[in-house]
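Me: Could you take a close look at one part of this model for me, the place where the two chains meet? I would also be glad of some background on the chain it belongs to.

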Amino acid sequence: MIANDWIQILFSLGVTVLLAPLVGRYLAWIYKGPHLSLERGFYRLVGINPDHEMTWKEYGAVLLVSNAFFFAAGFLVLWAQPVLPLNPRNLPPLSPELTFNTAASFVTNTNWQAYAGEAQLSNLSQMLAITFLMFVGANTGMASLVAIFKGFTRSGSQTIGNFWTDFVRFFIRAFLPACFLMALIHVYQGSPQTLRTQITAHTLEGPPQTLIVGPVASLESLKHLGTNGGGFYNANGAHPYENPTPLTNTLEFLEMGLFTFSLPFFFGRMIGRPRQGQVFFIAILTLYLSGFALIEYSERMPNPLLAHASVEQQVGPLSDGGNTEGKETRFGITQTSLFSNTTIAATTGAVDGAMDSMNPLSILVYLVHMFLNEEPGGKGVGFAGLLKEAILAIFLAGLMVGRSPEFLGKRIESREIKLASLSLLVTPLLVLWLTGISLLLPSGKSSMGNPGPHGFMEVLYAFSSGNANNGSAMAGLNVSTPYYAILLGVEMLLGRFLPLLPLLALAGALARKKTHPETAGTFKTDQPLFIVLLLGFMILFAALTFFPPLMLGPLLEHLSLLHGISF
Amino acid sequence: MKKKVILDKQMMIEATVQSIVMLNPFKLAKNPVMFVVGIGSVLTTLMAISSLIHHSTELFFTTTISVWLWLTIGFANFAEALAELQGKAQALSLRSTRAETTASLVTPRGTVKIPGNQLKREDQFIVEEGNVIPTDGEILEGVASIDESAITGESAPVIREAGGDRSGVTGGTRVLAGKIRVMVTNKPGETFLDRMIDLVEGATRQKSPNEIALTILLIGLTLIFLFVVASLPAFSSYSGIKSSPTILIALLVCLIPTTIAGLLPAIGIAGIDRAFRANVIAKSGKAVEVAGDIDILLLDKTGTITFGNRQAVQFLPAKGVSEEDLIRASWLASLPDGTPEGKSIVRLAETHIRLSNPPAEAIPIPFTPETRMSGVDTPDGEIRKGAGDAIQTYVGGPFSPDLSESISSVARSGGTPLVVAMNRKPLGVVHLKDVIKPGLKERFERLRKMGVTTVMVTGDNPLTARAIAEEAGLDDYFAQAKPEDKMALIKKEQEKGRLVAMTGDGTNDAPSLAQADVALAMNSGTQAAKEAGNMVDLDSDPTKIIEVVEIGKQLLITRGALTTFSIANDVAKYFAILPAMFVTAYPQLKILNIMSLATPVSAITSAIIFNALIIPALIPLALKGVRYRPIGASALLRENLLIYGLGGIIVPFIGIKLIDIALVLLHFT
């Protein structure tokens, strides 16, 4: 690594770390204060009583029903594309299974793309289906997190707030303004923002080239700020219209972290224990940085299989060294590592390089990020998952202080454990079984483009991404078949809502409980030992659950590389 | 009498038999984790039989795994059986003391001699000097000095009498002097000891809330590992390996938390048993466990913090009165006074000056509620002692400033000022002081470090209460308390989310005892108190609650420590079994065999043997409990995480390697 790399890393991370507490404080202000008159007007317009308090069941029901509606709306727009306006190219509709897959993908904040945007979607579909679902998907995640916070901020309460106010406040006061501002910067940097569909360029070689354009900049800012990840173009962040300059690459990195890294601080402010927020932030940052370090190390490693070929793998005046396959030369290894680590860790799923060309240890990091899905995780739901892990870790080890386990004054009892365990079961079940089934069924195997551990990883990666609502694809696997389109679509919906509902119930159970005052015998969770406990539990748990696939995928490929074995 | 852990050959044999009886599937189903092992054992046994029929090469391996799976369940059952037997033996050792007694049943036609075990509830019987009390009951009439050494080990006899707060008698104790009429308070077979035996015997044993939560987590983990193992055949088939059901079952059993699931019942029973060894009979396992959680401990001042009575510590003569005159007058006034306070004045006076020959014609004047004074009329004049205001009335005028100052200084220090006057002239003040039991300060300090706030409840005025609370090292006090105030205090603290513990013996304590989260009733107390509390202390020592708190904490720590240990163990088992499963297809995975176990067969066998043997290896720890030290929650967690978390990761690597070496030496592979 050269000085330039360090400057890039320190700048990007430095700004993220500086902004996170400020944004966290701002979010807390949004949710602690009264309604704005603008919001009141909106509620009156649509007939919502913003002060109506919901039980967790009602909250969950409203969340499910509204998302079902969002899903149906997105589905219809995509399905009716040929008859809707703004389709001068007369693009046909997506196939039914792909329409289902896409609507499921975007309503769950996954943004898995089994279609190629520039070739298959009209500008109206990009705006009304894709952009719309990107907004509501991210907003739903945020609202559910705010509801889960109520489990800790309330004592002896039957209710956990109002879904609509939780939804609207973030949208009006943070999400929309931020997206608007960033969209302007993307336009300034060269991203198109137009209702035109194509422009014709005259190339130096002579023949004209048709370039697809549209409302790219607005989708682009939303894609990162909402940890969505779905691109306007198939090449996603590697496309020059989506990510024109190193500045936009850095900005997109910052946008992904802006809200996600601020969530622990937001939590700390909401529960009135800022230190607790800092402690969670440090835990998240530790996992995040460890992941980045391993990716950077792995990508800088020369490939032993290429040692005898005339490939320059050492750092030299003309080469960055290491594994440059599938990387944008504009960004190089460090920017790609940093971007990919963030995009996976924050479940954005946008990519600015070819994941399939990454070294196996990098893939290992991506997979672990998606298994944990909490460092920092997607908009809202990631941090909610972290709170669940904290509850389980404290229950398990907390007994060792000689008291019934407590977290932030809430006693952890059988109901909490039942709900947290239920939420925890979903990931192993979906990822392991769907991967296993696909490896056995002909319709699963026929899509595989690679043999051996690499092919295995591609399938594992797809289902890990679907479950984690991540949306990044390793590629190398043909997922536009009906089998994968439907299975992944179902997985994204289950991976989103199955773990979320028990967490809302958990919030309901915690809110009902009285907050227990701390004593000298209570284990304090705002200190370094808690970080050790939390990280230890998370890593141990992920290792125990996913050791077999990690061994047969990335580890096996890495060892094979070292032994010069190919498949 | 500290009861020792009873552990002998006889018990081992009995526990072994019991652990085979407990293989009953209905019994196993109560423990979901061990039930999964049970299914695995049956399946591997069937596979072994099938290998035998088909002369398969797998026979030896499958049989070995099957045998060790059965042993895993056996060891877990053994742990539970051993804990049950121990508890039962403790209780039976008590019951034997009252096996064959006769009782004098009171009937309308006089008393009839019947065997003690035929007494029914609400029967009345008479016990005379030298006889053993046949069963638990409450004294209706009479007073007796009773030797309770059979149950408490305390040789000094205790007084039990009708009507007061010390009217309870226990079966098996002996009346040394006096005659009492007693009413039976329990149905036959429902005395505290009987309940205790039921509690450890499993019939009525209920899982505590915490145990239930932990069991749910263990089921969750079992399900996750079931998902993991069930996905392996697909992964193997992709790698071109045929997966062996025996290996998959072995891996599943190694991964699911068998260690803690096997020891969980034993830990709970051992907790109740440890309380019992401290002479505390818990009515439920939950009671002991909750004791570890309490935030506030309410303690009565009298009898708990201080000895029941005040002691004279100082004479403060009034101006112009010699100390000798005051002492002599106090001595004379107190000689006829049989109260402990009076006796202590006599004792203190005699240590100060030589006193002898009280005048023969002295007439004792007893204390009356009207005068609120007592004293003596001697030929030299009348001597009176009493509270300041009573003497003031007697003297008929205000005290001199210096005397008033003496009175208030005594009150300020937490003492009781007793003014002595002769011929209506005040001589001075005797300082009566509450004497705090020795060693309490250290115990309260220990409680503070555990996070328990101690609150003294007393009828004294706030000034006195504060002084005593400070001297005894209590965190807080509640002065001028009436019995019903205690109840309000408990409710108020519970409202704030705190758990409250208290001790009590009187009938008027019963409602508070029922309200408190942890209530330790004194065995000497009334039946109502004993019914309301959730624990009974046979020694009737109010400070015993501190020991109970520690036992509760120890119980929770042991549970947490063994759970952590059990789950941390899985890392090594993965490293033993997974490379063994896939190394034939992918030789490059050999590097993951970091223990360099000899062969795939020896690796898997070693892991399953370790998994089985760790259960009996941890039985002593489960029964004895992890040591609790009040060093603060974080320090304690750090220490236990290092021992049971990190240790749990490292120990199986060593254990599995050693077993593998042994297997190689035995030419097993």
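Reply: Happy to. The contact between the chains draws 54 residues from chain A and 56 residues from chain B. Please keep in mind that this is a predicted model.

On the side of chain A that touches chain B, the elements giving two or more residues are α14 (381–398), α15 (414–440) and α19 (528–562) of chain A. Of these, α15(A) supplies the largest share, with 15 residues. Sorted by class, the residues on this side of chain A comprise 32 nonpolar, 17 polar and 5 charged. As general background, an interface's size is often given as the accessible area that is lost when the parts come together.

Following α19 of chain A onward brings us to A:H563, which sits in the segment after that helix. A:H563 has 15 other C-beta atoms within 10 Å, so this residue is partly exposed; to be buried, a residue would need 20 or more. Between the C-alpha atoms of A:H563 and A:L204 there are 46 Å, and the two residues are 359 apart along the chain.

Now for the chain as a whole. Chain A contains 19 helices and 4 strands. Its radius of gyration is 23 Å, close to the 24 Å that the globule rule gives for 567 residues, so chain A is as compact as a globular protein of that length. The C-alpha trace of chain A spans about 75 × 60 × 50 Å along its principal axes. Of the 567 residues in chain A, 60% are buried. Taking the contacts in chain A between residues at least 6 apart in sequence, 77% link residues at least 24 apart.

One helix pair in chain A is worth a visit too. Two packed helices are described by the distance between their axes and the angle between them. Helix α4 (residues 96–107) and helix α18 (residues 482–512) of chain A have axes that come within 8 Å and cross at roughly 25°. That angle is why α4(A) counts as roughly parallel to α18(A). The crossing of α4(A) and α18(A) is left-handed.

From α4(A), the residues that meet α18(A) are A:E97, A:L98, A:F100, A:N101, A:A104 and A:S105. Their partners in α18(A) are A:P482, A:A485, A:I486, A:L488, A:G489, A:M492 and A:L493. By class, this contact of α4(A) with α18(A) holds 9 nonpolar, 3 polar and 1 charged residues.

Note on methods: Residues numbered from 1 in each chain as written. Chains lettered and ligands numbered in written order. Predicted model: local features only at pLDDT ≥ 70, side-chain atom pairs only at ≥ 80, totals over all residues. Contact = placed C-beta atoms within 7 Å. Nonpolar A, V, L, I, M, F, W, Y, C, P; charged D, E, K, R; others polar. Buried ≥ 20, exposed ≤ 12 C-beta atoms within 10 Å, placed from the backbone. Axes fitted to C-alpha atoms, helices over the stretch in contact; angles between N-to-C directions. Parallel < 35°, antiparallel > 145°, perpendicular 65-115°, else oblique. Left-handed = near helix turned anticlockwise from the far one by under 90°. Rg over C-alpha atoms; globule rule 2.2 N^0.38 Å.
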